[in-house]
Amino acid sequence: ALTLQFRDLPQVQIVHADILAFDLAQFGGDYTVFANIPFHITTQILERVFDPSVGPQAAALILQTNALLDRGRKEANTLKSLLIQPWYEITVLHEFSPDDFSPRPSVDTALFGFVRRPEPLLSP
C-alpha cells in the first residue's frame with residue numbers, strides 16, 4: 001500500500017525488510033528513517049540504525065519514551081541517548097497519549113527526531 005501511495009515520488013523508497021539484517025551501508029549514509037519501533041527490540045534497532053559508519057542523515061522514530069529519557073531522574077538522558085548524541089541531535093517531536101494506539105501501550109510513547117550533526121562531538 002505504501003509503495004503505491006508513494007510511487008510518484010522518486011525521492012521516496014519504501015523498503016520492507018528486517019532492519020536487524022538489512023544492509024544499511026548500501027545507502028552510503030544518505031537516507032532518512034521513519035519507523036514505529038517494536039519495543040521489545042528497541043536497543044538492537046537503535047544500535048543498528050545509529051551505527052556512526054552507516055547511520056542516516058535523519059530519523060523519526062516512535063519509541064518507548066524511557067528508551068531515551070529517564071523522567072525519574074534530574075538528568076533526563078538514558079545511557080542509550082548519551083551514546084547517540086555525539087553524532088545526532090535528539091528532540092521529542094510529539095508525545096503520544098495511550099489512547100492514540102490500539103491496543104493501548106502500558107508505557108509512555110513519543111516520536112523522537114534525530115538529525116545527524118554536521119560535525120560529530122566525538123570521532124568514531
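The entries below go from the sheet to the pocket and then to a few single residues.

**Entry 1: the ground rule.** I kept in mind throughout that this is a predicted model.

**Entry 2: the sheet as a whole.** I began with the strands. Four of them form an open sheet, in the order β1-β2-β4-β3, and the pairing is mixed. I then looked for the edges: these are β1, residues 32-36, and β3, each of which pairs on one side only. From one strand to the next, the twist averages 20°. As a reminder to myself, strands of a sheet pair through backbone hydrogen bonds, either parallel or antiparallel.

**Entry 3: β1 beside β2.** Which sense does the pairing of β1 and β2 have, parallel or antiparallel? I found it to be parallel, over five bridges.

**Entry 4: β4 and its two neighbours.** Next I turned to β4, which covers residues 109-116. On one side I found β2 (residues 58-64), paired with β4 in the antiparallel sense over seven bridges. In that pairing L63 stands opposite A110 of β4. My other partner to check was β3 (residues 88-96), which is also antiparallel to β4, over eight bridges. There I90 stands opposite F114 of β4. How many of the eight residues of β4 are buried? I noted six, and the strand is mostly covered.

**Entry 5: the largest pocket.** I looked up its volume and wrote down about 850 Å³. The lining is made of 26 residues, and Q13, V15, V33, F34 and A35 lie nearest the centre. Which element gives the largest share of the lining? That is β1, with five residues. Both β1 and α2 (42-49) supply at least two residues each. Sorted by class, the lining has 19 nonpolar, five polar and two charged residues.

**Entry 6: a cis peptide bond.** I checked the bond from S102 to P103 and found it cis, with omega near 5°. P103 has its place in the loop between β3 and β4.

**Entry 7: A76.** I found A76 in the loop between β2 and α3 (79-84). Is A76 buried, partly exposed or exposed? With a relative accessible area of 35%, A76 is partly exposed, because that class lies between the cut-offs of 20% and 50%. I also took a distance from A76 to N66: they are 10 residues apart in sequence and 9.3 Å apart in space, C-alpha to C-alpha.

**Entry 8: E119.** My last stop was E119, in the segment after β4. Its relative accessibility is 62%, so E119 counts as exposed; the cut-off for that is over 50%. Looking back along the chain, I noted that E119 and Y88 are 31 residues apart in sequence, while their C-alpha atoms are 9.5 Å apart in space.

Definitions and conventions
Residues numbered from 1 in each chain as written. Predicted model: local features only at pLDDT ≥ 70, side-chain atom pairs only at ≥ 80, totals over all residues. Heavy atoms only, no water. Buried < 20%, exposed > 50% of the residue type's maximum accessible area, 1.4 Å probe, protein only. Helix = DSSP H or I, 4+ residues; strand = E, 2+ residues; numbered from the N terminus. Pairing = 2+ DSSP bridges. Axes fitted to C-alpha atoms, helices over the stretch in contact; angles between N-to-C directions. 1 Å grid on protein atoms, 1.4 Å probe; cavity = no way out; pocket = protein on both sides within 12 Å on 5 of 7 lines; lining within 4 Å. Points joined across faces, edges and corners; volume = space filled by probe spheres on them. Nonpolar A, V, L, I, M, F, W, Y, C, P; charged D, E, K, R; others polar.
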